[in-house]
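My notes are below the display.

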Amino acid sequence: MAAEISPLTGVAPKPGISKPDPIVVADDLRRFFGGLRAVDVDHFEIQRGTITSLIGPNGAGKTTLFNLLSGFDRPQQGHWHLNGGPLVGIPAFKVARKGMVRTFQLTKSLARLTVLENMLVAAKDQTGESFWGSLFGRWRHIEEVNTAKAMQSLGSFDLAHMANEYAGSLSGGQRKLLEMARALMVEPEIVMLDEPTAGINPALTESLLRHIMRLRDEGMTVVFIEHDMDVVQEISDWVVCMSQGQIIAEGPPGYVARNKAVIDAYLGEHHGVIEDE
Amino acid sequence: MNWGILSDAIRTAVGVPAAAYALSSIGLNLQFGYTGLLNFGHVASMLVGAYGLAITVDLGGSMWLGIVMGIAAAVFLGLLIGIPTLRLRADYLAIVTIAVGEILRLVVRSSWAAPLTNGKYGIQRFANAFFALNPIPAGHYGGWDLAFDQRALWVMLVGWSLVGLTTAFVWKLTRSPWGRVIRAIREDEDAARSLGKNVFAYKLQSLMIGGAIGALAGILLAIDQQNVTPDTYIPLLTFYAFTIVILGGPGTLFGPIIGSVIFWFLFELMDGIMTGAVLKGWFGGLLDTTDIGPIRFALFGIGLMWLMAFRPQGIFGKREEMLIDGR
């Protein structure tokens, strides 16, 4: 469906291929844990305004790649750019401010803050967050604007009725939704979701996927790690498959699903079972 | 019933130590209760506050300069401890801070520092300027067994006013977006980072502000006693403050104040009751009056354990907050 209008039409399905308008470019990215090559990527680009899904068997290095790109981990080698600006050595919080926000595989809800507070803490440019600003600043108006925005977002994630409950009292699936809604409060240009649908019931997954597609249509870039092949086929514009730290295949979803290297990577390591967790 | 025991307990609960420990605990509460920093060396900020005042006055400076110096020294100490440790895991901060507290006490006590600190004998009579400001006419105030002279009343007045002002300050801070960020850090540092918050800077600020409040507490105690000696500042003082914070409810506004009042009330009451009981021979020859101190600490330990097991949210904390699992 998205393929017709996709800017990726005509891009050859080859690992490390260049894309017309990349938002993220990584080169020679290497991360070793002792002797283990967790990430070993020569060249990698993410096309702006598309949904790219990152697949691969467990231990393929998907989350480590996320950690490196978002500044939560440091590679031994390599450089990478966001919108042409170098990100090497930039701490995670600054990467987020530059417009790249990620979520976590193990959901990190701020348990003893309310759902609404979880959202508000993510809002950008709240002057009351500085020490002097909190004492003497005029932050109430900003707070009202942010609250309205947060409530609207919570509504679209079906969480509005929980706004004043502690985030810790949410179910696992609701926490996933909250984490995604919270990440969007930062108004990122690119959002990286680590297994957003894990633990969410099928009905909610559908609405989550519609949400992700709407974000793409609004111009946001979405990268997500996913194990459910149906989900990947349904919404991805581009699929990147990793195995043993390397990108072994990338291309449109239909191509990657039939790719021999991809099938080998899954079958070889997991005896034909594609797990969804 | 001996009413003297009760009046002694009330006297302590409203007195200068309770005010000073309320103040100290307000600082610790900002660090531990709101930001989640395990600062086991809070006594160090009380020490530098007290010595900052005492040394400044001893060298001929004014009391006001001394107070500023004491607070500035505590803020600087927060910076000094924070920069190398706050990037590490929480338990490292606990280890480093408890060591810093002891190192400071030993340095102040050493003959090397004696030209400034007068070693283990400490510095006395540096707060005359404070008592010269006392507007309260000489006399005894209050009735029944509860009377205070003008000197005690003056220190109490200033002490509890400081508690009030500091609480208002912490209230303003913690209900602001700044306070929301430090609570977010307490819940999950990485989540806060992923949302663009400079976690390190916030922790450093919390450590420095909490330290400044701790310094105020140290200054108040030192003024009241007109005396600073290094061996006052033992790690036990930090654990008093932790007991008070947990008793009152970590991360609550009034927890440290009520916690301190109750702590000192019970502390003095137990002392009085046990002394009375020993003197009346209720324990037979089993206990002596000199045993009361250690037993009091043992009972407090048991009390703290009971609290952690059955009411970890303290007096003001919300039970549902405690029932929430961490992640």
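Entry 1, conventions. I am working with a predicted model, in which local features need pLDDT of at least 70, side-chain atom pairs count only at pLDDT 80 or more, and totals for chains, interfaces and linings use all residues. Residues are numbered from 1 along each chain as its sequence is written, while chains are lettered from A and ligands numbered from 1 in the order in which they are written.

Entry 2, the contact. I counted two residues as in contact if their C-beta atoms, placed from the backbone, lie within 7 Å. Chain A gives 31 residues to the contact and chain B gives 27 residues. On the chain B side, the elements that give two or more residues are α8 (150–174), α9 (177–187), α10 (189–194), α11 (199–225) and α15 (319–323). Helices here are DSSP runs (H or I, at least four residues) and strands likewise (E, at least two), numbered from the N terminus. I noted that α9(B) supplies the largest share of that side, seven residues.

I looked up N83(A), a residue other than glycine, and found its phi near 55°, a positive value. N83(A) sits in the loop between β4 (77–82) and β5 (85–86) of chain A. I then turned to D125(A), also not glycine, whose phi is positive, near 55°. D125(A) lies in the loop between α3 (115–122) and α4 (131–136) of chain A.

A residue is buried if 20 or more other C-beta atoms lie within 10 Å of its own, exposed if 12 or fewer, and partly exposed in between, with C-beta atoms placed from the backbone. N83(A) counts as partly exposed because it has 15 C-beta neighbours inside 10 Å. D125(A) has 9 C-beta neighbours inside 10 Å, so I logged D125(A) as exposed.
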